[in-house]
Structure formats: C-alpha cells, structure tokens
Amino acid sequence: MSKPAFHRIASLLLGFLAAGAAAPAQCALTAEPVAEQAPAQAHEASEAGEVAESARSTVRSMTVWLARGVDSWFGDRPFEDGGKVSDGRLSAALLFRQHDRPDFDVRFNARFRLPNIEERIYGFIGRDDQRDVVTDKPGAFSRQDRLLEEARDREFFAGIGRSLTDSVDLRLGLRGGLKPFAQARYRRQWLLGPNDLADFRQTVFWSLDDHFGSTTALSYEHAFTPELAARWLNSATITQESKYFEWSSLVGAYRSFGEQRVAALEALVSGEQGPGVEPSDYGVQVRWEQPVHEDWLLGGVVVGHFWPRENALVERRSAWAVGVSLKMRF
C-alpha cells in the first residue's frame, strides 16, 4: 500500500485527537491532468503529517504531565532530574471479521522512570484488555492481533513495578473500578546458536476475578538470513477459578524490506483444554507494516481467514477478516 493511502488512513484514525485533512479524490474520469494532482496530494500528505505531529506532541505532553504528578507524591526531587517516559505506544485499529460486528480498538501503554523512587522502581500506565494485562498474555495472542471483536471491556490500568534482577520483576497495579492485581514475572533468553534464540517467560499473578494463576510463554526464533526469520510461539494460562487452561500457538515467517517495512505470514491456533484439546479457533493471516510518517508512526494492514467454533455442539464455520491500524511511538 502506498504512503499517500496510509496518510489518508492516518487522518481517519487520528481524527479523535486532531482535525484531519480530507482524502484526495483520484477518479479516472477527472478532468485534471495527473501532473496537476501531484501538488494537491503532496499538500494533503503534509497536512496528514502535521496531524500526526500534533497528536504525538499532545499524547506525550499529557503522559509526561501524569508521570510528573505521580512522582511528586513520593518526594520533592524535580522530575527533570532523572525522570522520563519510555516505551510509549498509542495504537488505533479498525477490525472486521465475517459474522462479527466491526470493531474500533484504541490501546495505550507507557512506562515511567520516577526520580523520587529508587532506580529499580518504575511506573506503568495504559488502556488495554483487562484480562490480557493481568495474565500477561503475549501480544501476538491478543484479540486485536487475531482480528477478533473485543468481547471483554478494555480498561485503564496503572501501577508500580520493581526490578529485582535483570530477569525478575514484581508489579502491583489497579485496573478499571480500582480493582487490584499483582504479578511476579520471570524472563530468560538463550542464544542457542548464531541464528537461534529461545525466550522463556513465566508470570504468576493474582486478581479479584481469577485469584491466583500463571501464564507460561515459550518462543523459538531462527534467522535464515538477515532479512528472513521464523518464529514459533506458545502460551498457556491457568487460574484457580477454572479447571481448564487456555492455550495458544503461532508459527510465523517474517521478511524485512528495510526501513521498518515488514511482511509476515502467520498460522495461529487457540483453545481451552477440556474433555479434549480441539482448538476453538485457528487460521492464517498475512501482515504488512511500514512507516507512514518519520520513523515513529507505523501503519499496518492484515488479512486473515479463520475457522472458529464456539463449542463442540456447533459446526465449525469459515470467516474472512481484515484490519488496518496505526501505531504511534512517543
């Protein structure tokens, strides 16, 4: 997809933050010569870039203001003396899956470094699927990444974490309705060879809804060339409130075309262990992501075909899905 097309999508998805420009009409029957349309397209691309710049500045300013306010609760040291906001991400997506309603999804995440607290303590804030946040499910298995309608409520969350070592950290947080949750997370990576990497993550969590539970995630990556790689990712979650565990698996191939342009082909399968282990949903999807403004605003398109089944008593059906997204880093 061309950059002008992505800029028109950017104007649409960022409209809730600032006024965007209208998309250029490109009709084959227009009386204007193509050469005369080029300046208009360049002008509208410039306006879309200004919308993105304004939105990014606004989001970052608000996030820094919030981080400064939280840090002031713990002392009088100025936030500028070592404080920072990192890993800021704001994403908006339009998702369509056959047989489901269209879904507009907005997600927000950021991490704080608070100078009035010890160096290994950090703050975090965001808006996401509340159960994915608590269980620490890998992002590749989120409902958005599987082009599913968000059946559960997206909620704001915030909290404080402490890194005990490079591999272990503890987090205490609150999500919508001032509901507390806690996590103990362990992560370890192994370089198995010059082109092979294994990643293990174990999260033990507690929440009012699930009580105690844990999520285990294991991935293996192999680089065939500097531009082509494959990944196998697996995840399982079990809680005190359910006698069954949820599981997901993904096999994907990823091709880089430079300048953050990436194409992916992924096969996904997920389900819940019960009388058997037959998946409740499986399918394949193709992704494309590239910068649409500078190197911090990325646009993406995904098309997939899935075979979901709600339970063993109904027939499995076929469903096409498509999604367009913007991801802003700040």
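Colleague: Leaving aside its neighbours within four places in sequence, which residues is T215 in contact with?

Modeller: In this predicted model, T215 is in contact with T135, D136, R201, Q202, T203, F205, S235, A236 and T237, its neighbours within four places in sequence being left aside. T215 itself belongs to strand 8, residues 211–223.

Colleague: Why is T215 called buried?

Modeller: The relative accessible area of T215 is 2%. Buried means under 20%, so T215 is buried.

Colleague: What makes the pairing of the T215 and T237 side chains a polar contact?

Modeller: The two side chains are joined at 2.8 Å. A polar contact requires N or O atoms within 3.5 Å, so this distance meets the cut-off.

Colleague: Why is A45 called partly exposed?

Modeller: A45 has a relative accessible area of 24%. Buried means under 20% and exposed over 50%, so A45 falls in between and is partly exposed. A45 is located in helix 2, residues 34–72.

Colleague: Which members of the largest nonpolar core touch the most other members?

Modeller: Of its 24 residues, these are V85, L90, F108, A110, F112, L297 and F330. Helix 2 and strands 1, 2, 3 and 14 each supply at least two residues of this core. Helix 2 gives the most, with 6 residues. A second, separate core has 9 residues, including A140, L233, F306 and A321.

Methods:
Residues numbered from 1 in each chain as written. Predicted model: local features only at pLDDT ≥ 70, side-chain atom pairs only at ≥ 80, totals over all residues. Heavy atoms only, no water. Helix = DSSP H or I, 4+ residues; strand = E, 2+ residues; numbered from the N terminus. Buried < 20%, exposed > 50% of the residue type's maximum accessible area, 1.4 Å probe, protein only. Core = buried A, V, L, I, M, F, W, Y, C linked by side-chain atoms within 4.5 Å. Polar contact = N/O pair within 3.5 Å; in protein donor to acceptor, adjacent residues only side chain to side chain. Contact = heavy atoms within 4.5 Å.
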